[in-house]
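Reader: I'm new to this one. Can you walk me through it?

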Amino acid sequence: MTAPLPQVPVRLREMLKDYPEQMTNLQELMASFAGERAVPSRYEELIWALESRAGRLLQEARAESKAAKEKGDLDLIAKTKAKEMTMAKLVLQAPWSGDRELMD
C-alpha cells in the first residue's frame, strides 16, 4: 500500500487550484521528503527543491504560452497566459515560505 501524498500548504493550494497536475507534481516532490526524521537541513532541502520545481513549472508554462501564440489560437493563448502568470506568482511569492504546516 502506498502512503498518501502529503497535504499541500494552503496558500499553495489556493494558487494552484486551477492546475491540479502541477499541484500533484509538487505533492510528489514533498512526498520524497516525507517520512524521514525532521531535521532543519532536510526542511531546507525541501524548500530548495520546491523553488527549483516551481521555476521549472514556470519555464514549462512559458513554453506552452509561446506555442499557443505561434498557433494563433486566442482561447489557448488566454488560458496559457493565465497559467504562466500563476506559475510566475508561485515563483515570486514562494507561498511555502514560513508555512507552519510544511515545517511540521
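Reader: Where does Glu-84 sit?
Author: Glu-84 lies in helix α4. Helices here are DSSP runs of H or I with at least four residues, strands are runs of E with at least two, and both are numbered from the N terminus. This is a predicted model, where local features need pLDDT of at least 70 and side-chain atom pairs count only at pLDDT 80 or more, while totals for chains, interfaces and linings use all residues. Residues are numbered from 1 along each chain as its sequence is written, and side-chain values use heavy atoms, with hydrogens and water left out.

Reader: Is Glu-84 buried or exposed?
Author: Glu-84 counts as buried, because its relative accessibility is 12%. Buried means under 20% relative accessible area, exposed means over 50%, and partly exposed is in between, with a 1.4 Å probe and protein chains only.

Reader: What does Glu-84 touch?
Author: Leaving aside neighbours within four places in sequence, Glu-84 is in contact with Leu-58, Ala-61, Arg-62 and Ser-65. Contact means heavy atoms within 4.5 Å.

Reader: Take Ser-65. How many residues apart along the chain are Glu-84 and Ser-65?
Author: They are 19 residues apart along the chain. Their C-alpha atoms are separated by 7.1 Å.

Reader: Which helix holds Ser-65?
Author: Ser-65 is in helix α3, which covers residues 40–71. Ser-65 is buried, with a relative accessible area of 1%. Not counting residues up to four places away in sequence, Ser-65 touches Thr-80, Lys-81 and Glu-84.

Reader: Back to α4. How many residues does α4 have?
Author: Helix α4 runs over residues 74–93, so it has 20 residues. From first C-alpha to last, α4 reaches 28 Å, close to the 28 Å expected at 1.5 Å a residue. The expected span is 1.5 Å times one less than the number of residues.

Reader: Which residues in α4 are buried?
Author: Ile-77, Thr-80, Lys-83, Glu-84, Thr-86, Met-87, Ala-88 and Leu-90. As background, an α-helix has 3.6 residues a turn, so residues three or four places apart point the same way.

Reader: What happens at the start of α4?
Author: A side-chain oxygen of Asp-73 reaches to within 3.1 Å of the backbone nitrogen of Asp-75.

Reader: And what follows α4?
Author: Ala-94 follows α4. Ala-94 is found in the loop between α4 and α5, and α5 is 100–103. The phi of Ala-94 is positive, near 40°, in a residue other than glycine. Most residues other than glycine have a negative phi. Ala-94 is buried, with a relative accessible area of 14%.

Reader: What about the loop between α3 and α4?
Author: Gly-72 is there. Gly-72 counts as partly exposed, at 45% relative accessibility.

Reader: Let's go to Leu-57. Buried or exposed?
Author: Leu-57 is buried, with a relative accessible area of 4%. Leu-57 sits in helix α3. Apart from neighbours within four places in sequence, Leu-57 is in contact with Gln-22, Asn-25, Leu-26, Met-87 and Leu-90. The C-alpha atoms of Leu-57 and Lys-83 are separated by 9.7 Å, and these residues are 26 apart along the chain.

Reader: Gln-22 came up. Where is Gln-22 placed?
Author: Gln-22 is in helix α2, residues 20–31. Gln-22 is buried too, at a relative accessible area of 7%. Beyond residues up to four places away in sequence, Gln-22 touches Leu-16, Leu-57, Lys-83 and Met-87.

Reader: What about α1? Where does Val-10 lie?
Author: Val-10 lies in helix α1, residues 10–15. Val-10 is partly exposed, with a relative accessible area of 35%. With neighbours within four places left aside, Val-10 is in contact with Asp-99 and Glu-101. Val-10 and Pro-95 are 85 residues apart in sequence and 8.5 Å apart in space, C-alpha to C-alpha.

Reader: Now the whole chain. How many helices and strands?
Author: Five helices and zero strands. The pattern along the sequence is α-α-α-α-α.

Reader: What box do the C-alpha atoms fill?
Author: Roughly 50 × 30 × 20 Å, taken along the principal axes. Buried residues make up 37% of the 104 residues. Among contacts between residues at least 6 apart in sequence, 59% join residues at least 24 apart.

Methods
Polar contact = N/O pair within 3.5 Å; in protein donor to acceptor, adjacent residues only side chain to side chain.
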